[in-house]
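Below is a short briefing on one protein chain. Please look over the sequence and the structure before reading the notes.

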Amino acid sequence: MKNKKRLISVISVVAIIAILILLKVDFSGNKEEGNAPGPGGPRRQIAVDIVVIQPQKLQDKIFTNGTTVSNEEVELRSETSGKITQILFEEGKRVKKGDLLVKINDAELQATLKKNLSRETLARDKEARFKQLLEKNMTSQQEYDVALSELNGVIADVEFTRAQIEKTEVRAPFDGIVGLRSVSVGSFISTQTSIAKLQSINPIKIDFSVPQKYFGVLKEGKSINVKLPNTGKTFIGKIYAVEPKIEENTRTVKARALVSNERNELTPGAYVEVEIILEELSSAILVPSFTIVPDIEGEKVFVYKNGRAVLQKVTTGIRTEKDVQIISGLEKGDSLIVSGIIQLRPNMPVTIKASNK
């Protein structure tokens with residue numbers, strides 16, 4: 001009997017312990033479930049950065065490559081064949097328009113000029129005497145006309161000889177810099193011999209091409225920015241000529257601009273980067289390009305309103321390297337969310353971490 005009562009007591013204690021263990025597990029589970037956010041429970045808030053929209057200046061630009069070209073360039077050659085007697089320029093130095101650069105032997109022409117000048121003196125004296133005689137009716141008009149004709153003929157011979165002498169002189173046709181010479185004193189040259197190159201590089205020309213859709217934008221007087229890649233320095237130029245025909249192979253149009261080059265920082269034949277400003281807007285709405293969310297309905301951005309991230313549909317326009325113009329959908333004073341874009345969902349509760357105005 002005692003053993004039976006002991007057995008019942010042990011079973012009762014075990015049952016009570018088992019019930020307590022089950023109750024503890026159930027209570028613990030209920031607690032965790034109550035702490036978990038359900039479909040209708042509060043959502044986790046994300047801290048975001050915002051930027052208050054303010055109108056800004058915007059330039060619509062296109063970029064292309066260009067080549068520097070001398071404003072004027074000529075290959076110096078002689079108009080006549082002969083032996084060089086003088087070279088009067090230094091390589092790589094500046095010369096003025098009209099400066100004598102090279103002299104060709106003109107000894108024979110100088111002798112002919114002296115002879116013709118002597119004939120001119122005699123012919124003038126003869127014409128003067130016949131003129132006096134004609135005024136006194138002591139000679140005929142015909143004899144005077146012969147004397148005048150002889151004088152004019154001699155004058156023509158003098159002018160011709162001087163013109164031939166001028167051909168033995170190579171002069172600078174414009175202000176510029178003379179390059180490396182390929183002849184020496186004593187060299188016999190012909191009209192085909194290249195003496196040196198003369199270039200005028202201030203101002204300097206910029207040749208470039210743009211796609212045909214911008215043909216109507218390239219106008220005379222339009223400003224461009226020219227950047228020299230190796231120095232990073234930018235120069236301002238103006239378009240002065242546009243090719244009226246579009247290239248059939250590339251569908252591009254050529255244009256030419258002038259850039260001031262007083263310090264000779266731009267050299268003919270160099271590669272440059274050309275920036276053309278198509279349009280300037282004084283009050284454009286701009287947003288960082290990374291804030292644009294592509295959607296099946298169009299492009300959208302997240303805007304902060306009443307503690308929530310609201311997905312706002314926008315219409316975009318000009319794009320720059322970092323920003324995108326918003327034509328419609330945003331206004332001055334709107335709070336644009338600029339961080340945590342990937343984590344956001346429409347109407348999700350958010351808190352402001354920082355605000356840049």
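Which residues are buried in H3? They are Tyr 144, Ala 147, Leu 151, Val 154, Val 158, Thr 161 and Ile 165, where buried means under 20% relative accessible area, exposed over 50% and partly exposed in between, with a 1.4 Å probe and protein chains only. The model is predicted: local features need pLDDT of at least 70, side-chain atom pairs count only at pLDDT 80 or more, and totals for chains, interfaces and linings use all residues. Residues are numbered from 1 along each chain as its sequence is written, and side-chain values use heavy atoms, with hydrogens and water left out. Helices (H or I, at least four residues) and strands (E, at least two) are DSSP runs, numbered from the N terminus.

**Helices H2 and H3**

- Helix H2 covers residues 107–135, and its 29 residues reach 42 Å from first to last C-alpha, close to the 42 Å expected at 1.5 Å a residue; the expected span is 1.5 Å times one less than the number of residues.
- Helix H3 has 26 residues and reaches 37 Å between its first and last C-alpha, close to the expected 38 Å.
- The buried residues of H2 are Leu 113, Asn 116, Glu 120, Ala 123, Glu 127 and Phe 130, and they pack against H3 (141–166).
- An α-helix has 3.6 residues a turn, so residues three or four places apart point the same way.
- The buried residues of H3 are covered by elements that include strand E6 (100–104), H2 and strand E7 (169–171).
- The axes of H2 and H3 come within 8 Å and cross at roughly 160°, which makes H2 roughly antiparallel to H3. Axes are lines fitted to C-alpha atoms, for helices over the stretch in contact, and angles run from 0 to 180 degrees between N-to-C directions; angles under 35 degrees count as roughly parallel, over 145 as roughly antiparallel, 65 to 115 as roughly perpendicular and the rest as oblique.
- Just after H2, Asn 137 has a positive phi of about 60°.
- Glu 166 lies in H3 and is exposed, with a relative accessible area of 54%. Its C-alpha is 9.5 Å from that of Lys 103, which is 63 residues away in sequence.

**Open sheets**

- Four strands form an open sheet in the order E3-E10-E8-E5, with antiparallel pairing; two strands pair if DSSP finds at least two bridges between them.
- Strand E3 (72–76) and strand E5 (94–95) are at the edges with a single partner strand each, so one side of each has no neighbour in the sheet.
- Strands E8 (residues 176–178) and E10 (residues 196–200) pair over two bridges in the antiparallel sense, and Leu 198 in E10 is the bridge partner of Val 178.
- Another open sheet has three strands in the order E16-E21-E20, paired antiparallel. Its edge strands, E16 (286–288) and E20 (315–319), each pair on one side only.
- E20 pairs with E21 (residues 323–328) over three antiparallel bridges, and Thr 316 stands opposite Ile 326 in E21.

**Surroundings of Ile 62**

- Ile 62 is in strand E2 (residues 56–69) and counts as buried at 8% relative accessibility.
- Leaving out residues up to four places away in sequence, Ile 62 touches Val 210, Tyr 214, Val 274, Glu 275, Ile 276 and Leu 278; contact means heavy atoms within 4.5 Å.
- The C-alpha atoms of Ile 62 and Glu 275 are 5.9 Å apart, although 213 residues separate them along the chain.
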